[in-house]
Amino acid sequence: DNRSGGAKPLDRLQPAQRLDDRRDAAAAFCELADTQPLRLKLDGGLRLFAAIAVDDDTGLAKSALEALANLVDVDSKPAVEAARVAAAHNASLFVGADPPLLPSIVGALELTDMHLRFHAIQFLHKLLALEPSRTHEVILAHPAAVGSVLTLLDDQREIVRAEAIQLVLQLARGAPAGLLNLLAFQGAFDRLHSIVASELEAAAG
């Protein structure tokens with residue numbers, strides 16, 4: 001829970017009023033979540049970071065998104081089994097939240113900052129890997145999320161667009177018929193085909 005290693009940065013983040021204090025607390029928690037298998041509660045934990053993910057301050061929002069991605073990551077921590085348990089716990093709480101937290105992540109996708117988009121995509125990658133069915137359900141219940149993801153395919157920064165392509169493919173993998181229909185209706189597969197054809201043509205000279 002919030003007391004298992006991450007309490008001090010969270011305690012500093014919640015009541016802090018000065019922007020510098022909030023930035024420092026969010027960055028400190030992000031570093032901790034990168035190395036330690038932390039399990040957060042929903043209120044005062046995951047919900048807090050989802051709200052900060054769309055903060056007007058880019059640095060604060062970036063730390064929040066990166067922290068969320070770290071909280072559902074199982075690859076970068078030495079204690080693999082503990083990390084797996086913690087990541088599964090955090091992912092389950094996130095997708096089961098009511099009201100849903102996904103709109104905050106979608107909001108970050110709609111911002112133009114490269115780092116915000118990258119970390120939001122990374123979080124969705126990891127969430128889909130851990131909770132594919134329930135993530136599909138949440139996205140299907142918020143169809144505007146699909147449009148926000150597809151908008152990323154137009155990003156001219158290679159690191160963002162490459163991750164966006166992988167996200168669309170991951171989103172379609174094992175998706176229910178309703179979500180596949182929504183992806184098709186919004187032109188996801190046509191756009192992927194166009195991107196591949198364009199890159200093949202460029203490679204051929």
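The model is predicted. It holds 13 salt bridges. Asp155 takes part in two of the pairs described below, one with Arg117 and one with Arg157. The largest nonpolar core has 64 residues.

- Side chains of opposite charge can pair when their charged atoms come close.
- Asp155 sits in the loop between helix 9 and helix 10.
- Asp155 is buried, because its relative accessible area is 6% and the cut-off for buried is under 20%.
- Arg117 and Asp155 form a salt bridge through their side chains, with N and O 2.7 Å apart.
- Arg117 belongs to helix 7, residues 114-130, while Asp155 lies in the loop that runs between helix 9 (144-151) and helix 10 (158-172), so this pair ties together parts 38 residues apart in sequence.
- Arg117 is also buried, at 9% relative accessibility.
- The side chains of Asp155 and Arg117 are joined by a polar contact of 2.7 Å as well.
- Arg157 is another salt-bridge partner of Asp155, and here the closest N and O atoms are 2.8 Å apart.
- Those two side chains, Asp155 and Arg157, also make a polar contact of 2.8 Å.
- Arg157 is partly exposed, with a relative accessibility of 29%.
- Leaving out residues up to four places away in sequence, Asp155 touches Arg117, Val160 and Arg161.

**A network of charged residues**

- Salt bridges link Arg18, Asp20, Asp21, Arg23 and Asp57 into a network.
- Within this network, Arg18 pairs with Asp20.
- The closest N and O atoms of Arg18 and Asp20 are 3.8 Å apart.
- That distance counts as a salt bridge because the cut-off is within 4 Å.
- Asp20 is partly exposed, at 39% relative accessible area.

**The nonpolar core**

- Which residues touch the most other members of the largest nonpolar core? They are Phe29, Phe49 and Phe123.
- Helix 4, residues 58-71, gives this core its largest share, 8 residues.
- Phe123 is in contact with Leu68, Ala69, Val72, Phe94 and Ile105, if neighbours within four places in sequence are set aside.

**Helix 8 and Leu140**

- Leu140 is in helix 8, which covers residues 132-141.
- Is Leu140 buried or partly exposed? At 33% relative accessibility, Leu140 is partly exposed.
- Leu140 touches Pro176, Gly178, Leu179 and Leu182, not counting residues up to four places away in sequence.
- From C-alpha to C-alpha, Leu140 and Ala61 are 25 Å apart in space.
- In sequence, Leu140 and Ala61 are 79 residues apart.

**Helix 9 and its surroundings**

- Which residues of helix 9 are buried? They are Ala145, Val146, Ser148, Val149 and Leu150.
- These buried residues pack against several helices, including helix 6 (102-109) and helix 8.
- Helix 10, helix 11 (177-185) and helix 12 (188-204) are also among the helices they pack against.

Technical notes. Residues numbered from 1 in each chain as written. Predicted model: local features only at pLDDT ≥ 70, side-chain atom pairs only at ≥ 80, totals over all residues. Heavy atoms only, no water. Buried < 20%, exposed > 50% of the residue type's maximum accessible area, 1.4 Å probe, protein only. Helix = DSSP H or I, 4+ residues; strand = E, 2+ residues; numbered from the N terminus. Contact = heavy atoms within 4.5 Å. Core = buried A, V, L, I, M, F, W, Y, C linked by side-chain atoms within 4.5 Å. Polar contact = N/O pair within 3.5 Å; in protein donor to acceptor, adjacent residues only side chain to side chain.
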